[in-house]
Amino acid sequence: MTVLVTGARGAVGSAVRSGLLAAGVDVRAAGRDPSVLPDDGSARVALDLDDPSSYGPALDGVDRVFVYVAEDLRPFARAMADAGVRHAVLLSSESVLTEPEPEPGGIAAHHADAETALRGAGITTTALRPGAFAGNTGQWSRGIAAGFVELPFPRSATTPIDERDIGDVAVAALLADPVDESVHVTGPESLTMAEQVAQVAERLGRPIEVRAVDPDVAREQMARFVPSAVVDSLFRYWRDTDGVPAPVTDEVARRTGHPARTYRQWLTEVFTGA
Ligand SMILES: NC(=O)c1ccc[n+]([C@@H]2O[C@H](COP(=O)([O-])OP(=O)(O)OC[C@H]3O[C@@H](n4cnc5c(N)ncnc54)[C@H](OP(=O)(O)O)[C@@H]3O)[C@@H](O)[C@H]2O)c1
C-alpha cells in the first residue's frame with residue numbers, strides 16, 4: 001500500500017509520515033518544496049494543493065491519502081478519485097461541530113467545504129476534527145519571553161491536543177479498512193488559556209503573568225494581520241467557550257491504544273524539548 005502524505009513536514013503531517021514509516025508502509029511525502037523534506041526513507045514529491053499541474057506525479061499509484069485542507073479542495077479531490085484513491089484521512093477541525101451553520105469565509109466553513117469536497121468526489125473520508133492544538137502555544141512566544149501574556153478571554157477553555165496524537169489517530173485510520181466517518185479528537189483535559197500559561201510558567205520555572213485585555217482592542221490588533229472572517233471565527237469561539245469546560249473525547253485512546261498525551265507532557269517533550 002502506498003500512502004501520500006500531504007504537508008509531510010507539518011506538525012501533524014510529520015507525525016503521520018513517521019508513524020506510517022514505522023508501520024512499514026510505502027510513504028510518499030509531499031510538500032510544495034520537496035527538497036526541504038527529511039531524508040527518512042519516504043519518497044519525496046512536489047505537491048501544491050492549489051496547483052492542479054502538480055497532482056499527477058504525486059497521486060500516481062497511490063492507494064490512500066492524508067490531506068490538509070486547501071483554499072479549494074475540490075480539484076484535488078476529483079484528481080484523487082480519477083487516480084483511483086478511495087480513502088482519505090482529512091485534517092479537518094472541531095469548528096465544524098461547534099459551528100454547524102458556518103459563517104462564509106470562516107474557519108468552520110473552510111473545513112466543512114473540504115469535507116464536502118472529498119465526499120462529493122466519492123472518496124471514503126475519515127474527517128479528523130481536532131480542537132485546539134498544543135502547538136498553538138507558539139502564538140504566545142513573545143509574551144512568554146517577555147514574562148506576560150495578554151489574552152482577551154483568559155478563561156476560554158479548550159482541550160489542547162498533542163499533534164503527535166492526531167498523527168497517531170490518522171495512521172490508525174489509514175491502516176484500517178476505509179470507513180466514512182467524522183472523528184472528534186481531543187486532548188485528555190479541558191484547560192483554560194490562563195491554566196495553559198500557568199503550566200508553561202511552571203515548566204519554565206519562572207512567573208508569567210496573564211493580563212486580560214479588552215476583546216475589542218485585541219480583535220482590532222488581530223484584524224491587521226488575519227482575514228476578518230477568521231478573526232470573527234476565533235473571537236466567536238473564545239467568547240462562547242469563556243468559562244465553559246471543553247468536552248473531552250476518548251478517541252485518541254480508543255483508536256491508538258495509548259492515552260492522549262497531556263499538555264504538560266507536550267510542554268516537556270516538544271515545547272522545551274527536554
Ligand atoms: N491549530 C489548531 O488549533 C487547529 C485546530 C483544528 C484544526 N487545525 C487544522 O490543522 C492545520 C494545521 O496543522 P499543522 O499544525 O500540522 O500545520 P503546519 O505545521 O503549519 O503545516 C502545514 C502544512 O500544510 C502544508 N501546506 C500548506 N499549504 C499547502 C498547499 N497549498 N499545498 C500543499 N501543502 C500545503 C505545508 O506544506 P509545505 O509548506 O511543506 O508545502 C505544511 O507542511 C490548520 O490549517 C487546520 O486546518 C488546526
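Colleague: Which residues does Trp-238 touch, leaving out those up to four places away in sequence?

Modeller: This is a predicted model, in which local features need pLDDT of at least 70 and side-chain atom pairs count only at pLDDT 80 or more, while totals for chains, interfaces and linings use all residues. Residues are numbered from 1 along each chain as its sequence is written, and side-chain values use heavy atoms, with hydrogens and water left out. Taking contact to mean heavy atoms within 4.5 Å, the residues that Trp-238 touches are Pro-152, Phe-153, Ser-156, Met-193 and Met-222.

Colleague: Is Trp-238 buried or exposed?

Modeller: Trp-238 is found in helix α10, residues 228-240, where helices are DSSP runs (H or I, at least four residues) numbered from the N terminus. Buried means under 20% relative accessible area, exposed means over 50%, and partly exposed lies in between, using a 1.4 Å probe and protein chains only. Because its relative accessibility is 11%, Trp-238 counts as buried.

Colleague: How far apart in space are Trp-238 and Met-193, C-alpha to C-alpha?

Modeller: Met-193 is one of the residues that Trp-238 touches, although the two are 45 residues apart in sequence. From C-alpha to C-alpha, their separation in space is 9.8 Å.

Colleague: How are α8 and α12 oriented to each other?

Modeller: Two packed helices are described by the angle between their axes and the distance between the axes. Axes here are lines fitted to C-alpha atoms, for helices over the stretch in contact, and angles run from 0 to 180 degrees between N-to-C directions. Helix α8 (residues 193-204) and helix α12 (residues 263-271) pack at about 45°, with their axes 10 Å apart. Since angles under 35 degrees count as roughly parallel, over 145 as roughly antiparallel, 65 to 115 as roughly perpendicular and the rest as oblique, α8 and α12 are therefore oblique.

Colleague: At what angle do the axes of α1 and α7 cross?

Modeller: Helix α1 covers residues 11-22 and helix α7 covers residues 163-175. Their axes come within 8 Å, and they cross at roughly 50°.

Colleague: How many nonpolar residues does the contact of α1 with α7 have?

Modeller: From α1 the contact includes Ala-11, Val-12 and Ala-15, and from α7 it includes Ile-166, Gly-167 and Ala-170. Ala, Val, Leu, Ile, Met, Phe, Trp, Tyr, Cys and Pro count as nonpolar, Asp, Glu, Lys and Arg as charged, and the others, Gly among them, as polar. Beside two polar and two charged residues, the number of nonpolar residues is 10.

Terms used
Helix = DSSP H or I, 4+ residues; strand = E, 2+ residues; numbered from the N terminus.
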